Amino acid sequence: MKDRKIPMRKCVGCMTSKEKKELVRIAGFEGQLSVDLTGRAKGRGAYLCKDNPDCWEKAYKRKALERSLGMTVSAEAKEQIFAQLGEMNHE
């Protein structure tokens, strides 16, 4: 049997390639941001490390989400997304 290919993605915060299941996708569609737990939401996606707040801070400071998603993202929207990520880690 063939070995299955493991999908790899790059975190926009720390810029390291990891397995897709180790990252969380942030989807941007029609000006709205959402945390995409299924990996199948509409729109363009950017990936961040699930459990590393340092990556989130780097992405925030470098405006990596805006660049990756190709859209302007308000500070409130970014804060909301990072708050959702923080809640996911505490569950």
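Reply: Start with pairing: two strands pair if DSSP finds at least two bridges between them. Keep in mind that this is a predicted model. Three strands form an open sheet here, in the order β4-β3-β5, with antiparallel pairing.

Me: What makes β4 and β5 edge strands?

Reply: Each pairs on one side only; β4 covers 32-36 and β5 covers 44-49. From one strand to the next, the twist averages 25°.

Me: How do you know that β3 and β5 pair?

Reply: Pairing needs at least two bridges. Six bridges join β3 to β5, therefore they count as paired. These two strands run antiparallel. Within this pair, V24 stands opposite L48 in β5.

Me: Why is helix α3 said to touch the sheet?

Reply: Contact means heavy atoms within 4.5 Å. Helix α3 (residues 75-90) packs on the sheet and touches β3, β4 and β5. Its direction makes about 10° with that of β4.

Me: Which residues line the largest pocket, and what is its volume?

Reply: The volume is about 200 Å³. The lining is K20, K21, L23, V24, R25, D36, L37, T38, G39, Y47, K50 and M88. Lining residues have an atom within 4 Å of a pocket point, so each residue in that list meets this cut-off. Strand β3 (residues 23-29) gives the most, with three residues.

Note on methods
Residues numbered from 1 in each chain as written. Predicted model: local features only at pLDDT ≥ 70, side-chain atom pairs only at ≥ 80, totals over all residues. Heavy atoms only, no water. 1 Å grid on protein atoms, 1.4 Å probe; cavity = no way out; pocket = protein on both sides within 12 Å on 5 of 7 lines; lining within 4 Å. Points joined across faces, edges and corners; volume = space filled by probe spheres on them. Helix = DSSP H or I, 4+ residues; strand = E, 2+ residues; numbered from the N terminus. Axes fitted to C-alpha atoms, helices over the stretch in contact; angles between N-to-C directions.
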